[in-house]
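I opened this structure for the first time and kept notes as I went. The entries below follow the order in which I looked things up.

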Amino acid sequence: MIDMHAHWRPAEFADALRARTTEPRIVRNQDGVEVLKTRMGEEPLANAFDEVDFHLARMDRQGVSTSVLSLLGSFCWIEAQPLDVSLRLCRLFNGGVSRLCQEHHGRFVAYAALSLVDMPAAAAELERALGLPGIVGAQVPGNAFLTRKDADAMRPVLEVANRHRAVGFIHNGPRPGDTYPKVPADTDNARRRNGTLDMQASLSSVMVTLCLTDYLVPYPDAKIHVHNLGGNIPYEVERMDHRSLLDTPQEELPSARFRRSKVYVDCNSFGPRAIAAAVSLYGADRIVCGTDGTEFGCEWTSKALADGQIGEEAREKILHGNAAAMLSHLAPLAPREHVAA
């Protein structure tokens with residue numbers, strides 16, 4: 001498996017987290033012990049950062065040959081900090097994951113983090129980062145693509161990605177200044193409402209922007225990756241087609257446009273029925289693996305793909321072939337036989 005959706009919590013951010021006055025931040029608890037404090041609670045520093053040997057051992061157990069690392073967004077929200085802060089931290093992350101890629105040849109490649117408060121600066125940092133070993137593209141927030149008008153601000157970044165044939169990983173998340181999460185913590189079922197209902201609806205809007213407008217036409221060589229099957233589109237497309245036949249019968253059906261677009265989606269967090277629906281809509285050539293970079297995520301995704309009624313050829317493309325085609329010109333990937341049995 002090539003895992004296209006594996007988040008990373010860098011220990012290099014410890015000092016920056018200690019300096020923060022709002023969560024997430026490192027503080028001393030009532031016992032005088034340093035902990036990482038987030039909206040989810042407190043976590044001992046020993047568990048707060050990712051450790052490479054632990055991660056590699058998990059990859060070997062789960063049959064992951066290469067992990068594509070990206071900054072865990074809620075870990076610091078560095079992209080939305082003032083430019084003098086965010087650019088420094090983005091460069092710290094990009095340099096750190098690049099060194100990780102070099103030290104573990106082919107086992108890791110990475111998406112760069114970009115300061116989003118200044119789009120020319122973001123484009124310049126992507127240009128710089130793509131010259132670093134192992135960097136294959138950049139992670140950008142889903143809220144930047146909720147509408148075509150919103151997405152126009154991201155064109156400088158897409159232009160760099162297109163020129164380098166690099167990948168844009170669109171992950172659910174806020175732009176600087178956005179209210180996030182949308183559902184307050186004191187709302188009933190807030191985690192379900194934010195982590196599933198709103199996230200999937202937002203990703204559906206992202207896919208409508210990318211696939212049902214001409215936004216991506218100027219960027220034929222950029223590879224676009226949206227997580228979680230691109231929202232609810234595999235289940236909503238039949239209604240979308242029905243409404244299209246009623247409202248705009250002269251237009252090409254949305255299902256045909258989704259299938260014809262070149263946007264990739266990963267299967268993170270979904271089971272066999274949803275993956276089969278996505279294969280039916282997008283085609284097996286457009287789906288890659290994603291696990292969130294956790295043991296549970298790998299087990300869940302592996303079982304979902306094994307149980308899905310999609311055929312061996314489609315399964316092989318999703319597990320490895322599609323991602324290899326997206327990435328192999330950008331960075332070395334570990335051979336499949338590298339993974340321990």
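The notes go from strands to helices and then to single residues in loops.

**Entry 1: the model.** I note at the start that this is a predicted model.

**Entry 2: an open sheet.** I looked up the order of the strands in the open sheet. It has 3 strands, in the order β2-β3-β4, and the pairing is antiparallel. I then asked which strands stand at the edges. They are β2 (25–28) and β4 (41–44); each has a single partner strand, so one side of each has no neighbour in the sheet. From one strand to the next, the twist averages 40°.

I went on to the pairing of β2 with β3, which covers residues 34–38. The two are antiparallel and share 4 bridges.

**Entry 3: strand β5.** I asked how many residues of β5 (residues 66–71) are buried. The count is 6 of the 6, so the strand is largely enclosed by the rest of the structure. The cut-off behind this is that buried means under 20% relative accessible area. I also sorted the side chains by direction. T66, V68 and S70 point one way, while S67, L69 and L71 point the other way, and all are buried.

Next I looked up what β5 pairs with. β1 (residues 2–8) runs parallel to β5, and 5 bridges link the two. In that pairing, A6 is opposite L69 of β5. β5 also runs parallel to β6 (residues 108–112), with 3 bridges between them. There, V68 is opposite V109 of β6.

**Entry 4: helix α5.** I checked the length of α5, which spans residues 83–103. It has 21 residues and reaches 30 Å from its first C-alpha to its last, close to the 30 Å expected at 1.5 Å a residue. I then listed its buried residues. Among them are L87, L89, C90, F93, V97, L100 and C101. The list also includes S86, N94, G95, G96 and S98.

**Entry 5: α9 against α10.** I looked up how these two helices pack. α9 covers residues 190–212 and α10 covers residues 233–247. The angle between them is about 65°, and their axes are 11 Å apart. The crossing of α9 past α10 is right-handed. Which residues make the contact? From α9 they are S204, M207, V208 and L212, and from α10 they are I233, E236 and M240. Sorted by class, the contact has 5 nonpolar, 1 polar and 1 charged residues.

**Entry 6: cis peptide bonds.** As background, most residues other than glycine have a negative phi, and most peptide bonds are trans. I noted two cis bonds here. One joins E23 and P24, with omega about 0°. P24 is in the loop between α1 (14–19) and β2. The other runs from Y180 to P181, with omega near -5°. P181 sits in the loop between β8 (167–171) and α9.

**Entry 7: positive phi.** I looked up two residues other than glycine with a positive phi. For N189, phi is near 55°. N189 belongs to the loop between β8 and α9, and is partly exposed at 48% relative accessible area. For D292, phi is near 65°. D292 lies in the loop between β11 (287–288) and α13 (295–307), and is partly exposed at 32% relative accessibility.

Entry 8: I asked of T21: buried or exposed? T21 is exposed, with a relative accessible area of 67%. T21 is in the loop between α1 and β2. I also took a distance from T21 to N228: they are 207 residues apart along the chain, and 32 Å separates their C-alpha atoms.

N143 is buried, at 5% relative accessible area. What is N143 in contact with, leaving aside its neighbours within four places in sequence? The contacts are D150, G173, P174, R175 and D178.

Technical notes: Residues numbered from 1 in each chain as written. Predicted model: local features only at pLDDT ≥ 70, side-chain atom pairs only at ≥ 80, totals over all residues. Heavy atoms only, no water. Pairing = 2+ DSSP bridges. Axes fitted to C-alpha atoms, helices over the stretch in contact; angles between N-to-C directions. Expected span 1.5 Å × (residues − 1). Buried < 20%, exposed > 50% of the residue type's maximum accessible area, 1.4 Å probe, protein only. Left-handed = near helix turned anticlockwise from the far one by under 90°. Contact = heavy atoms within 4.5 Å. Nonpolar A, V, L, I, M, F, W, Y, C, P; charged D, E, K, R; others polar.
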